[in-house]
Amino acid sequence: MLISCTGINKFYADNHVLRSISLTVENQDRIGLVGDNGCGKSTFLRVLTEQELPDAYEHDEPVIAKAPHLRIGYLAQNAGLDGSKTVGEEMQDAFSPLLSARETMRQLEEKMAQTALTPDETEEYSRLAAFFETNDGYTTDVRIRTVLFGMGFSEGDLSRTISGFSGGEKTRLALCKLLLESPDLLILDEPTNHLDFQTVGWLEEYLKGWRGAMLIVSHDRFFLDRLCTSICELERGELTRYKGNYSAFTALRAEARERQQKEYDAQQREIAKLEDYVARNKVRASTAKAAKSREKQLEKIERIERPYAAAKTARLQFTYAVTPPIDLLEVKNIDLTVGKGSAQKTLAEGISFTVRRGEKIGIIGENGAGKSTLLKVLRNILPHRGLVRWAAGTRLGCFEQESESLNPYATVFDELHDRYPSLSDYEVRSLLGQVRLTGENVFKETGVISGGERAKLCFAILMMEHGNVLLLDEPTNHLDLATKEILEQALSDFDGTILFVSHDRYLLERIADNLLVLENGALERFKGRFSAYQEQIRRKTETEQAAAAAEKQQKQEELRKNNYRSKEQRSLEAKRRAEQKRIEQEIDTLSAEQNTLQESLSDPAVAGDYEAMHAVCARLEEIRQQQDALLDALILLEE
């Protein structure tokens, strides 16, 4: 057990945010925490990390128990860093115990070089050295760069001051530091905010190998699916834990709510039956005793709470009347451009593809790749070069990312009524009620309502368009999990054609049967699910990394061979110089002997002795021949 809490209650004014919550986190747990906006998820994390204190309530005694020496790493949504430090300095702080140990070891080593260490100092040095090596102290720089580069930062960012980064970048840096600290329990509040596909994928892979426990708050269902082994749902202040990832959670929750609904309905029938008996028999003397018994029975019943699923939710259904031909759309050699005149910029060129009836196509790519521009070109609301040909009978239903077509000064009610004046006031209110726009909200101007409410209004308009082709630009932005699931079900049930832009990986995986990928100014079609595309990218990345590693190894081998040949050449050169020196010394020795012999020829004793004279002359000839040979050898060495 790493941490356990029981009897956790929290009030804000009269709002009972957390109700008698209990949770135990074991080592290696991977827990996802989900719930509607404002349900108290971040509050619970602050209580769990003792940044806020729980409130006393009735008989609950709040208890938070932790394992000894537990290290908790908590990434809040507004996590802060020291803005005066550079990125490198802030990341180094994650290894402060190791850096402190290294500094003490350095001081001891300096003393060791001058004098012998005391037994205590020797023991301290051994302990620090073992700690430093066990915790990979020699690889801190490598680990810092691995995490920073994986989270989208560069080598140049290491020397930048943190105050110069944007809010989103600071959140990513805080997450980097937290990962480097390697706490026993990692608590993350919306960690995938401000991250692109590539960075989220890297983070998922990194966390899959995490050795400690994790508690994650996220609206990214794909992220929860890949990492979590259990899901805790916070609903109306109560915490319920389900085994499995997010997909398993949705199925188990549906089963639990259905079971609870049946139990609730059965109990309500039993209560109604008892209440009816009491009402009919309480005043009659002959049956008053039995009625009193039924009253006591009613008082003892532990009432089952009405299931949360019984609350009203949005109802989305997209229908059409005209079925278009099978060959629905032809796009040939179009360019995607933004801006006008000298400010015009081409995002992609020569785009061609076809769409057949019933296909559901996800459009993906980095920000600024031209995804939204492509949808506008398909709607013929942007000028373009090339061909866009829709088949006869095609009727488009469109959802815009920023709700640009809405009149910001019109009320929600008027916006819908002005578009469809044949609808009665009751029909307009009913349609808005379907998307959960009710009460006074329908009389607010569309420019002041929330992003989620504007999206719901656009869905009401989309349902009225009865398009057999839906063009959707980021349809799940601003939606809570419940509405996302309802939208996904409606799109899954729709048997027409869908082309949609999205960064929602869960939506892409569930709805899109193939993808249009905008990348590097070109479009590539991938026929398959989003998970298959990600697997292809993963294999491609691994192949590229393996090829890069092989190329690097080959270069290192060539460099090693070059270094080896260079050493061999230096060795031969040294031998040549040594041989040259030896020959020159031998020539000098022979020259000295030659001079001595020539002087001896003038000696009368030698000149008068034929045999002595013959011996001197023979030796002089021999020296001459040796000198010639040595000079030839010297010339060869010099060449």
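Just after helix α1, Glu 50 adopts a positive phi of about 60°. The model is a predicted one, and every angle and distance reported here should be read with that in mind. Most residues other than glycine have a negative phi. Two further residues with a positive phi are described later in this report.

The buried residues are Lys 41, Thr 43, Phe 44, Leu 45, Val 47 and Leu 48.

Glu 52 pairs with Lys 10, and their closest N and O atoms are 3.7 Å apart. This pair links distant parts of the chain: Glu 52 belongs to the loop between α1 and β4 (63-66), whereas Lys 10 belongs to strand β1 (residues 3-12), and 42 residues separate them. Both Glu 52 and Lys 10 are buried.

**Overall form**

The protein contains 19 helices and 18 strands. Its radius of gyration is 41 Å, whereas a compact globule of 639 residues would have a value near 26 Å. Along the principal axes, the C-alpha atoms fill a box of roughly 175 × 75 × 40 Å. Of the 639 residues, 41% are buried.

**Salt bridges in helix α19**

In total, 48 salt bridges are counted in the model. Two of them involve residues of helix α19, which covers residues 610-638. Glu 622 and Arg 619 form a salt bridge with an N to O distance of 3.1 Å. Both residues lie in α19, three residues apart, which is about one turn of the helix. An α-helix has 3.6 residues a turn, so residues three or four places apart point the same way.

The side chains of Glu 621 and Arg 624 form another salt bridge, at 2.2 Å from N to O. About one helical turn separates Glu 621 from Arg 624, because they are three residues apart in helix α19. How accessible are the residues of these two pairs? Glu 622 is partly exposed, with a relative accessible area of 37%, and Arg 619 is partly exposed as well, at 23%. Glu 621 is partly exposed at 34%, and Arg 624 counts as partly exposed at 38% relative accessibility. Elsewhere, salt bridges that share partners join Glu 204, Glu 205, Lys 208, Asp 220, Arg 226 and Arg 505 into one network.

| Acidic residue | Basic residue | N to O distance |
| Glu 52 | Lys 10 | 3.7 Å |
| Glu 622 | Arg 619 | 3.1 Å |
| Glu 621 | Arg 624 | 2.2 Å |

**Helix α17**

Asn 595 is situated in helix α17, which runs over residues 530-600. Its relative accessibility is 42%, so Asn 595 counts as partly exposed. Asn 595 and Leu 620 are 25 residues apart in sequence, and their C-alpha atoms are 9.4 Å apart in space.

**A patch of negative charge**

Which residues gather in a patch of negative charge on the surface? They are Asp 196, Glu 366, Glu 519 and Glu 524. One of these residues, Glu 524, is placed in strand β18 (residues 522-526).

**Two loop residues with positive phi**

Arg 436 has a positive phi of about 65°, although it is not a glycine. This residue lies in the loop between α13 (425-434) and α14 (451-465). With a relative accessibility of 31%, Arg 436 counts as partly exposed.

Glu 474, also a residue other than glycine, has a positive phi near 50°. Its place is in the loop between β15 (469-473) and α15 (481-493). Is Glu 474 buried or exposed? Glu 474 is buried, because its relative accessible area is 6%, and buried means under 20%.

Technical notes:
Residues numbered from 1 in each chain as written. Predicted model: local features only at pLDDT ≥ 70, side-chain atom pairs only at ≥ 80, totals over all residues. Heavy atoms only, no water. Patch = residues over 30% accessible without salt bridge, like charges linked within 9 Å, V, L, I, M, F, W, Y side chains within 5 Å. Areas by Shrake-Rupley, 256 points an atom, 1.4 Å probe, with all protein chains shown as cover. Salt bridge = Lys/Arg side-chain N within 4 Å of Asp/Glu carboxyl O. Lys, Arg positive; Asp, Glu negative; His and termini not counted. Charge placed at Lys NZ, Arg CZ, Asp CG, Glu CD. Helix = DSSP H or I, 4+ residues; strand = E, 2+ residues; numbered from the N terminus. Rg over C-alpha atoms; globule rule 2.2 N^0.38 Å. Buried < 20%, exposed > 50% of the residue type's maximum accessible area, 1.4 Å probe, protein only.
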